[in-house]
Amino acid sequence: STSLPSGFRFQEGITGVVVIATDACGNTSKCEFTVTVEANCCKNPPKLSCPPDYEACPGSSTDPSVTGNAIAEPGSPGCKQPFVSYVDRINVDSSCYKEIDRIWIAADPVKTALYSSCTQRIVLKDRQPPKFNYCPPDVTVLSDDKCEAIVNWKNPEAEDACGAVQITSTIPSGYSFTLGLTGVIAIATDACGNTSNCLFYV
């Protein structure tokens with residue numbers, strides 16, 4: 001007799017089979033062997049790795065060629081290469097702040113019920129204020145006989161990682177100053193309202 005007959009449908013893994021030989025007088029001996037079934041079937045969902053979260057300036061491209069692509073591979077040896085797609089869910093959408101949850105999906109092309117998903121967050125936002133490349137040094141001048149002095153200086157210069165910068169000043173170059181110490185503040189503002197200041201004294 002045998003614990004499992006020849007032609008039995010085995011599950012994946014290792015199964016022991018025992019064969020017992022019995023003579024007419026009840027004497028027995030046995031033979032044991034194992035049957036190993038290695039996985040060669042498609043039963044697990046694809047393995048999916050999301051690209052890292054991505055952040056850039058407003059207006060930047062959100063194409064996967066820029067923000068990164070998900071990588072998928074079959075979940076089981078018998079599975080075919082999965083099909084990868086994505087769906088964008090927009091959480092915030094304004095000129096200076098856009099937030100997208102990109103949901104990547106890897107599905108088995110044959111067994112569509114086998115799929116995996118992961119989420120990549122994409123943020124387009126200008127977080128950094130402008131940076132001054134040049135701020136005029138403090139200036140000391142002599143007044144005229146009316147105790148005033150017209151003072152000129154090279155205009156401050158600034159740049160921003162995400163675009164153009166507008167620079168304004170509390171007092172313009174060429175202003176007529178009276179006696180004493182006067183502070184001049186230059187303000188650099190980017191398109192999203194981030195500001196930085198440059199201070200010098202006359």
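## Five disulfides

The count of disulfides comes to five, where a disulfide is a pair of cysteine sulfur atoms within 2.5 Å. This is a predicted model: local features need pLDDT of at least 70, side-chain atom pairs count only at pLDDT 80 or more, and totals for chains, interfaces and linings use all residues. Residues are numbered from 1 along each chain as its sequence is written, and side-chain values use heavy atoms, with hydrogens and water left out.

Count the bonded cysteines along the chain, and the disulfides follow the pattern 1-4, 2-6, 3-8, 5-9, 7-10.

Strands here are DSSP runs of E with at least two residues, helices are runs of H or I with at least four, and both are numbered from the N terminus.

Cys-50 has 27%, so it counts as partly exposed.

## Cys-57 and Cys-162

Cys-57 and Cys-162 form a disulfide with sulfur atoms 1.9 Å apart. The torsion about their S-S bond is about -75 degrees, so this disulfide is left-handed. The pair again links distant parts of the chain, 105 residues apart. Cys-57 lies in the loop between β4 and α1 (64-67). Cys-162 lies in the loop between β11 (157-159) and β12 (165-169). Cys-162 is partly exposed, at 26% relative accessibility.

## Cys-96 and Cys-192

In the link of Cys-96 and Cys-192, the sulfur atoms are 2.2 Å apart. The torsion about the S-S bond is about -100 degrees, so the disulfide is left-handed. Both cysteines are in loops: Cys-96 between β6 (83-93) and β7 (97-107), Cys-192 between β14 (183-190) and β15. They are 96 residues apart, and the pair links distant parts of the chain. Cys-96 has a relative accessible area of 22%, so it is partly exposed. Cys-192 is partly exposed at 26%.

## Other cysteines

What is the relative accessible area of Cys-25? It is 70%, so Cys-25 is exposed. Cys-31 counts as partly exposed, at 42%.

## The whole chain

The protein chain has one helix and 15 strands. Its radius of gyration is 37 Å, well over the 17 Å that the globule rule gives for 202 residues, so the chain is more spread out than a compact globule. The radius is taken over C-alpha atoms, and the globule rule is 2.2 Å times the number of residues to the power 0.38. Along the principal axes, the C-alpha atoms fill a box of roughly 140 × 30 × 20 Å.

Buried residues make up 26% of the 202 residues. The accessible surface is about 13,000 Å², with 52% of it belonging to carbon and sulfur atoms. These areas come from the Shrake-Rupley method with a 1.4 Å probe; for residues, only the protein chains shown count as cover. Take the contacts between residues at least 6 apart in sequence: 51% join residues at least 24 apart. A contact means heavy atoms within 4.5 Å.

## Two residues up close

Where does Ser-76 lie? Ser-76 is in the loop between β5 (71-73) and β6. At 6% relative accessibility, Ser-76 counts as buried. Leaving aside neighbours within four places in sequence, Ser-76 is in contact with Cys-41, Cys-42, Lys-43 and Asn-44. Ser-76 and Lys-43 are 33 residues apart in sequence, and their C-alpha atoms are 6.3 Å apart in space.

Tyr-201 is found in strand β15 (residues 195-201). Tyr-201 is partly exposed, with a relative accessible area of 34%. Not counting residues up to four places away in sequence, Tyr-201 touches Asp-138, Val-139, Leu-181, Thr-182 and Gly-183.

Key. Buried < 20%, exposed > 50% of the residue type's maximum accessible area, 1.4 Å probe, protein only.
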